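Morning, everyone. Let me walk you through one protein today. Please take a look at the screen first.

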Amino acid sequence: MKKNQVFETVIEDMSEQGEGIGRVNGYTLFVKDALIGDRIEGRVIKEKKAYGYGKLLRILEPSPFRVEPLCPAALPCGGCQLQTMSYERQLQFKQDKVEGHLVRIGGFERSGFSMEPIIGMEPVPGQRRGFRYRNKGQFPFGRGKDGRIIYGFYAGRTHSIIETEDCFLGDAAARLVLETVRSFMEEYKIDPYDEASRQGLVRHVLIRTGYHTGQILVCLVINGRELPHGRRLAERLMEIGGMTSVSCNVNRQRTNVILGSQMIHLAGEECITDRIGGLTYRISPQSFYQVNPVQTEKLYGKALEFACLTGRETVWDLYCGIGTISLFLAREAGQVYGVEVVPAAVKNARENAALNHIANVEFFEGRAEEVLPEWYESHPGKAADVIVVDPPRKGCEEGLLRTMVRMAPKRIVYVSCNSATLARDLKYLCAGGYRLERVQPVDMFPMTVGVEVVCLLSNLNQIS
Ligand code: SAH
């Protein structure tokens with residue numbers, strides 16, 4: 001195949017990033033926006049030795065899994081990779097992705113563990129399944145070609161902003177907040193941040209809503225020490241129903257990381273609260289909080305089930321955020337220890353234990369791969385019955401896995417948002433004497449290629 005060559009193919013597979021995969025005379029082509037089952041015409045835009053990339057020119061025969069996307073920006077926006085695929089087929093895609101990683105990266109036999117059917121979102125009457133689930137949005141601000149202030153989402157793999165007034169994954173009320181910020185910026189001549197020149201002030205606007213409480217938190221991420229006329233903006237935002245917390249976060253670094261470390265409180269409370277499974281949680285702008293509240297409850301329920309507690313166990317919850325899983329576990333365990341690296345989240349975790357009158361939990365601030373080994377060194381012989389981990393995408397450091405194996409808990413519950421690093425880490429744990437028992441995917445991120453997984457491992461030397 002040569003660059004610019006036009007080809008015809010049937011898409012027979014999907015990449016992990018959601019691109020269609022077709023073959024022409026044995027040569028593999030990745031085609032963005034093409035769906036498994038489509039017969040398409042495309043043009044080669046990049047060729048490598050073993051495979052190439054094609055651009056979708058025309059759908060000659062649509063896939064039976066193809067559906068009309070809800071969002072007009074579904075194709076250019078990098079947020080949703082699977083919006084043109086039926087929800088049922090998305091679930092299949094994710095199930096296959098998790099199983100594929102466990103087999104290819106983890107080296108597990110397909111029949112060696114119990115692969116449970118993915119827990120999808122329930123349909124809501126009058127709504128397309130799998131939309132409007134997110135409780136959080138982080139909207140980049142910038143300027144359009146005509147010089148207007150715009151906001152939206154980044155296009156796939158770039159930082160050019162696709163103007164999106166309403167994201168169909170999130171709460172429609174976000175628009176009112178964003179329009180309030182935009183008109184304030186226009187009125188007071190406050191510039192959005194420009195990545196190329198590193199000039200301008202407003203980088204992102206973060207909005208988070210408590211699903212059960214309706215409380216709204218707004219945080220403007222700024223490239224400066226303060227937001228001029230910030231009080232004026234805060235007053236306007238506080239008029240919006242449910243508005244509970246308005247703040248700025250200072251981020252003056254050249255970085256893709258959205259939040260900086262310094263906060264400026266502008267109005268209302270410093271945190272919002274939300275509820276999951278009968279517990280109340282305070283959440284600061286800097287704290288991690290799962291984005292899909294409906295599915296989170298199912299995920300935590302599974303983690304708790306896998307932990308199989310009787311009321312006496314010592315349990316560690318590593319990467320505990322604001323202590324969500326820790327408090328779920330504490331209700332059924334003897335003692336729970338949580339470890340989290342973000343100070344604002346640890347503060348929330350301690351507040352949340354008090355708020356829910358849970359006393360058998362203690363939180364440590366620090367990196368899990370440092371806190372746990374140090375604790376184990378200074379408490380020789382002290383055992384853990386269950387260890388729960390829920391690391392970010394890059395997974396666990398090997399030093400942490402090594403300590404976990406040395407501590408030899410009866411069960412390890414591994415919660416993951418990246419099945420590739422999950423598979424790598426499970427391979428290590430299983431080489432250290434554990435057996436992978438159950439794998440439960442949960443669809444936390446409909447319309448995207450993301451999938452959450454909770455796994456149960458048991459210690460081969462102490463099966464109870
Ligand atoms: N279990 C929590 C949080 C999971 S997200 C929940 O369900 O809400 C992962 C968390 O790990 C984040 O809060 C992040 O701040 C934290 N984290 C990232 N790297 C870490 C590390 N090396 N040690 C401890 N915590 C870490």
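How many Å separate the centres of domain 1 and domain 3, taken over C-alpha atoms? The figure is 37 Å. Keep in mind that this is a predicted model.

Now the domains themselves. The domain assignment puts domain 1 at residues 6–61. Domain 3 covers 136–276. Domain 2 is written in two pieces, 92–122 and 292–459.

Next, the strands. Start with the barrel. Five strands close it, in the order β1-β2-β3-β5-β4, with mixed pairing. From one strand to the next, the twist averages 50°. Zoom in on β1, residues 6–14, and β2, residues 20–24. These two run antiparallel, and three bridges join them.

Now the open sheet. Eight strands make it up, and the order is β6-β21-β22-β20-β19-β16-β17-β18. The pairing is mixed here. Which strands stand at the edges? They are β6, residues 114–115, and β18, residues 361–365. Each has a single partner strand, so one side of each is left without a neighbour in the sheet. Further in, look at β21, residues 434–442, and β22, residues 452–459. They pair in the antiparallel sense, over eight bridges. Tyr-434 stands opposite Asn-459 of β22.

On to the ligand. Which residues come nearest to the ligand? There are 17 residues around it, and the nearest are Gln-290, Tyr-300, Glu-340, Ala-368 and Asp-390. What kinds of residue make up that shell? Nine are nonpolar, four are polar and four are charged. Helix α5, at 324–330, and helix α7, at 368–378, each supply at least two residues of the shell.

Let's get down to atoms. Ala-368 has a polar backbone atom 2.8 Å from a nitrogen atom of the ligand. For Tyr-319, a polar backbone atom is 3.2 Å from a ligand nitrogen. For Val-341, the distance from a polar backbone atom to a ligand nitrogen is 3.4 Å. So much for single contacts; what about cover? On its own, the ligand has 570 Å² of accessible area, and the protein covers 90% of that.

Methods: Residues are numbered from 1 along each chain as its sequence is written. This is a predicted model: local features need pLDDT of at least 70, side-chain atom pairs count only at pLDDT 80 or more; totals for chains, interfaces and linings use all residues. Side-chain values use heavy atoms; hydrogens and water are left out. A residue is near a molecule or strand if one of its heavy atoms lies within 4 Å of it. A polar contact is a pair of N or O atoms within 3.5 Å; within protein, one must be able to donate a hydrogen and the other to accept it, and residues adjacent in sequence count only if both atoms are side-chain atoms. Accessible areas come from the Shrake-Rupley method with a 1.4 Å probe; for residues, only the protein chains shown count as cover. Helices (H or I, at least four residues) and strands (E, at least two) are DSSP runs, numbered from the N terminus. Ala, Val, Leu, Ile, Met, Phe, Trp, Tyr, Cys and Pro count as nonpolar, Asp, Glu, Lys and Arg as charged, and the others, Gly among them, as polar. Domain bounds come from an automatic or database domain assignment. Two strands pair if DSSP finds at least two bridges between them. Axes are lines fitted to C-alpha atoms, for helices over the stretch in contact, and angles run from 0 to 180 degrees between N-to-C directions.
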